[in-house]
Amino acid sequence: MSRIAVVPGSFDPITLGHLDVIERAARIFDQIHVVVVHNPDKSALFPAAQRVQLIQDALAEARVPGDFVVAGWSVGLLVDYCKDVGATVLVKGIRSQVDVAYETPMAIMNRSLAGVETIFLLPDPAHALVSSSLVRQVASLGGDVSPYVPRNVAELLKPNDV
Ligand code: PNS
């Protein structure tokens, strides 16, 4: 039986930290679903469909080895998506105690709701301080985010030359 895991997130936008977690998850599981969870109450920089496309392009450009499905999910519980595709595990990256505090209740809830386990991967130190929200902030203030995001995302967030 093939082992399927889901790597969920807002991915607004995908960062090199996300890409690292996805790549390492693909070494552990046979198939990885990268799921852009769209929260209609949260205003995002990139529309969900564009975030899906940016992830697909980043995985292809980086030639990340593995069997990937990139999808959006906005219609219910994340564990319902897991059930639909036969995934029993979520994979998340945790960078700090703040992430542990944020992720722990969700992990316990997802196991309680549907028996879906969560596996946490520690970051590559090179990406330990990278977050989508900081990338958005730096880009909005005219900074260069190319060290923190895949090339296709950096291209979109490039500071104006004028
Ligand atoms: O990248 P983020 O914003 O930290 O991702 C958070 C996300 C989307 C993974 C989280 O909000 C989530 O799992 N949402 C799904 C909603 C859900 O199923 N909630 C109930 C169980 S916790």
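The model is predicted, and local features need pLDDT of at least 70, side-chain atom pairs count only at pLDDT 80 or more, while totals for chains, interfaces and linings use all residues. Residues are numbered from 1 along each chain as its sequence is written, and side-chain values use heavy atoms, with hydrogens and water left out.

**Overall fold**

Let's start with the secondary structure: the protein has 6 helices and 5 strands. Here helices (H or I, at least four residues) and strands (E, at least two) are DSSP runs, numbered from the N terminus. Along the sequence they follow the pattern β-α-β-α-β-α-β-α-β-α-α.

The radius of gyration is 15 Å, which agrees with the value near 15 Å for a compact globule of 162 residues. That radius is taken over C-alpha atoms, and the globule rule is 2.2 Å times the number of residues to the power 0.38. Along the principal axes, the C-alpha atoms fill a box of roughly 55 × 30 × 30 Å.

Contact means heavy atoms within 4.5 Å. Among contacts between residues at least 6 apart in sequence, 75% join residues at least 24 apart. The protein exposes about 9,000 Å², and carbon and sulfur atoms supply 56% of this area; accessible areas come from the Shrake-Rupley method with a 1.4 Å probe, and for residues, only the protein chains shown count as cover.

**The cores**

Buried residues make up 42% of the 162 residues, where buried means under 20% relative accessible area, exposed over 50%, and partly exposed in between (1.4 Å probe, protein chains only). A nonpolar core is a set of buried Ala, Val, Leu, Ile, Met, Phe, Trp, Tyr and Cys residues joined through side-chain atoms within 4.5 Å.

The largest such core has 34 residues, of which V7, F11, I22, I32, I55, L59 and V91 touch the most other members. Elements that each supply at least two of its residues include β1 (4-9), α1 (16-28), β2 (31-37) and α5 (132-140). The largest share, 6 residues, comes from α2. Apart from this core lies another of 12 residues, among them I4, V6, L78 and L90.

**Residues worth a look**

Which residues are buried, and which are exposed or partly exposed? Four examples are set side by side here.

| Residue | Relative accessible area | Class |
|---|---|---|
| T15 | 2% | buried |
| F11 | 3% | buried |
| L134 | 43% | partly exposed |
| R63 | 73% | exposed |

The loop between β1 and α1 holds F11, P13 and T15. Most residues other than glycine have a negative phi, and most peptide bonds are trans. Against that background, phi of F11 is positive, near 50°, and the peptide bond from D12 to P13 is cis, with omega near 5°. Neighbours within four places in sequence aside, F11 is in contact with H18, I22, V34, V35, V36, R51 and I55.

What does T15 touch, not counting residues up to four places away in sequence? Its partners are V130, S131, S132, V135, Y148, V149 and P150.

R63, in the loop between α2 and β3, also has a positive phi, of about 50°, although R63 is not a glycine. L134 lies in helix α5; L134 and Y148 are 14 residues apart in sequence and 9.8 Å apart in space, C-alpha to C-alpha.
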